[in-house]
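Please find below my notes on the model you sent.

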Amino acid sequence: MAARLRWVSIRGGGGSAPGGGGLRRSFARDDAITSRSLRPGIVRRIARFAQPYHRMLAVFLGLILLGALLTAAVPLIYRSIIDEGILRGDTGLVIWLAVLLALLALVEGGLSLWQRWLSARVGEGLIYDMRTRVFAHFQRMPIAFFTRTQTGALVSRLNSDVLDAQRAFTDTFSSVIGNVVSVVITMIAMAILSWQLTLVALVLLPVIILPAHWVGTRLQAIARESYNLNAAMTSTMVERFNVAGALLVKLFGRPEREIRSFEDRAGRVRDIGVTRAVYTKLFSAALVFTAALATALVYGWGGVLAATGALQVGTLVALTAYLNRLYGPLTALSNVQVDIMTALISFDRVFEVLDLEPMVAEKPGAAAIPSGPATVVFDQVSFSYPRADEVSLASLESVAVLNQAPAQQVLFDVSFTASPGQLVALVGPSGAGKTTISHLIPRLYDVRSGAVCINGVDVRDATFESIHRIVGMVTQDAHLLHDTIRANLLFAKPSASDAEMVEALRAAQILPLVESLPDGLDTLVGERGYRMSGGEKQRLAIARLFLKAPDVVVLDEATAHLDSESEVAMQRALETALAGRTSIVIAHRLSTVRDADQILVIDQGRVVERGTHLELLSTEGLYAELYRTQFEGKGAFAAGV
């Protein structure tokens with residue numbers, strides 16, 4: 001049966017007001033939004049996840065049992081020292097038992113170290129397994145997943161939730177087993193020594209267990225709230241600390257508002273931390289008080305019994321020693337369900353991501369597209385972007401419920417063929433669907449109807465490896481890794497030699513710049529390449545494409561950031577580099593595609609015109625209108641030559 005848990009969120013906006021306003025806010029929860037259930041079978045999934053470590057876990061359990069038995073033996077040694085040694089004047093026995101206590105302490109220390117080593121091996125192994133599986137799963141997700149989710153939320157799942165899941169597994173496992181064993185052994189030993197005093201000690205148990213359960217329930221909810229708040233704060237930091245986010249804040253002069261917004265989020269994290277500390281300390285104080293009260297009762301009654309000779313002094317000391325070992329484990333076990341449920345929260349958040357199937361996936365038995373001259377065919381392709389609930393999770397978008405409304409159709413019955421060696425240009429107004437068409441070729445998305453084929457193979461039936469090998473793409477906003485120029489080039493071809501990289505840089509018209517840098521190929525390009533100009537980034541991206549040497553080249557405004565002189569040089573380089581390759585080029589500057597073998601004019605998701613430059617000018621349609629708008633009054637260009 002699915003266990004009910006609370007997804008805890010914060011109500012209210014404003015700042016974090018002093019004087020406890022934020023603390024009061026942390027108690028407010030919107031049940032209509034935050035209630036959800038853990039999915040059935042999560043315990044079995046955790047067990048399967050831990051299967052590779054079952055032998056170490058068995059040894060770990062054995063060490064816990066052995067440690068509990070050794071700990072339980074200590075009060076009995078206290079009793080023997082007093083009753084059999086001190087009171088009878090047997091100094092030899094006292095010394096021998098004292099040495100035994102020292103040896104037991106040494107053995108306990110060794111067992112504890114061994115137990116910690118096993119715990120670390122299992123815990124770190126679980127971290128590695130979960131983290132690598134989540135990262136690999138993210139790598140398989142379609143681009144639509146990343147366009148919707150918050151980067152900070154993804155980082156939080158990969159770091160915080162994985163760590164909490166590991167910690168919960170090892171700590172909770174050892175705590176529950178250790179406490180159960182400790183309570184059982186302690187109560188048996190106490191009952192054997194004096195069942196009357198044992199009953200007196202247990203009378204006070206409800207006084208602490210009932211409040212402990214209430215506090216534990218509150219702490220469980222607070223833990224969930226803390227996860228969500230920390231994820232939200234991480235998202236804010238990730239978005240603002242990258243260059244684009246920082247630049248946006250600077251350009252719009254919003255640093256003060258951003259500071260206030262972050263203060264509010266950080267204030268919520270602070271408030272929930274204060275709340276957790278208060279509840280924890282309240283519970284701790286109650287536990288200390290109750291244990292002290294029980295100790296006083298046992299000493300009082302037991303002292304009277306010892307004074308009258310009904311109870312030995314050593315037995316009384318042993319009972320009070322056991323008593324100190326009883327209340328902590330019993331109180332912890334009173335919240336064992338809450339502890340386990342809280343531990344499952346982190347696993348649930350990790351499994352939630354792993355259970356989200358990639359919408360774009362490789363079919364079993366997929367075929368490899370043959371290399372060589374490539375023909376790209378769009379056959380009556382219609383497309384609409386996927387709904388949020390098809391590609392994402394509500395918790396990764398910081399919303400209560402994902403939008404399930406059907407997406408608006410973007411492409412309508414698009415058909416064309418790009419033959420080997422041809423250059424096909426896509427032109428048209430912004431938002432017409434040109435970039436969407438380009439994204440369907442490397443299968444960043446799947447068509448809704450129709451087919452996109454390369455060399456006769458539907459890309460939906462092809463292996464990802466063959467698609468990535470054959471298709472190369474440069475986007476308008478070329479992305480560079482925060483690494484060296486060399487590393488960014490090798491991303492396309494890890495086996496490339498320096499000579500090959502130099503040739504690619506020369507073809508992309510950027511070799512002189514790289515050679516002028518003090519570190520040359522080992523120059524760091526910075527976050528997203530922001531140490532380079534827009535044109536330099538694009539030329540590096542084109543060099544990376546040249547190094548890959550794909551059979552199909554897709555250029556989405558790849559020369560948009562270049563000045564006129566650089567663009568002319570790049571066009572000449574592209575003519576040479578693209579010779580014999582199938583090329584699909586998106587361009588707003590129509591001067592760059594006048595020599596295309598075929599120009600497709602896209603408007604509102606449809607191919608409204610097609611032909612060569614001169615043919616389209618003669619039809620006096622949308623292409624001619626766009627051309628005149630760009631080149632009106634520019635002499636020869638206006639004449640279409």
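The numbered points below take these topics in turn.

1. Basis. This is a predicted model, in which local features need pLDDT of at least 70 and side-chain atom pairs count only at pLDDT 80 or more, while totals for chains, interfaces and linings use all residues. Residues are numbered from 1 along each chain as its sequence is written, and side-chain values use heavy atoms, with hydrogens and water left out.

2. Cavities. Searching the whole structure gives three cavities of 30 Å³ or more. A cavity here is a set of points on a 1 Å grid over the protein atoms alone where a 1.4 Å probe fits but cannot get out; its volume is the space filled by probe spheres set on the points. The largest cavity has a volume of about 60 Å³.

3. Lining of the largest cavity. Lining residues have an atom within 4 Å of a point. Among them are P142, M359, F383, Y445, D446 and R448. By class the lining has eight nonpolar, one polar and two charged residues, where Ala, Val, Leu, Ile, Met, Phe, Trp, Tyr, Cys and Pro count as nonpolar, Asp, Glu, Lys and Arg as charged, and the others, Gly among them, as polar.

4. Four strands form an open sheet in the order 4-3-6-7, with antiparallel pairing. Its edge strands, each pairing on one side only, are strand 4 (409-418) and strand 7 (457-458). Strands are DSSP runs (E, at least two residues), and helices likewise (H or I, at least four), numbered from the N terminus; two strands pair if DSSP finds at least two bridges between them. Strand 6 (residues 449-454) is joined to strand 7 by two bridges, and I454 stands opposite V457 in strand 7.

5. Salt bridges. The count is 17 salt bridges, each being a side-chain nitrogen of Lys or Arg within 4 Å of a carboxyl oxygen of Asp or Glu. In one of them, R628 and E620 have their closest N and O atoms 2.8 Å apart. R628 is partly exposed at 40% relative accessibility, and E620 is exposed at 52% (buried means under 20% relative accessible area, exposed over 50%, partly exposed in between; 1.4 Å probe, protein chains only).

6. E390 and R448. This salt bridge has its closest N and O atoms 3.3 Å apart. It links distant parts of the chain, 58 residues apart: E390 is in helix 14 (residues 388-391), and R448 is in the loop between helix 16 (434-440) and strand 6. E390 is partly exposed at 24% relative accessibility, as is R448 at 38%.

Technical notes
On a 1 Å grid over the protein atoms alone, a cavity is a set of points where a 1.4 Å probe fits but cannot get out, and a pocket is an open set with protein on both sides within 12 Å along at least five of seven lines; lining residues have an atom within 4 Å of a point.
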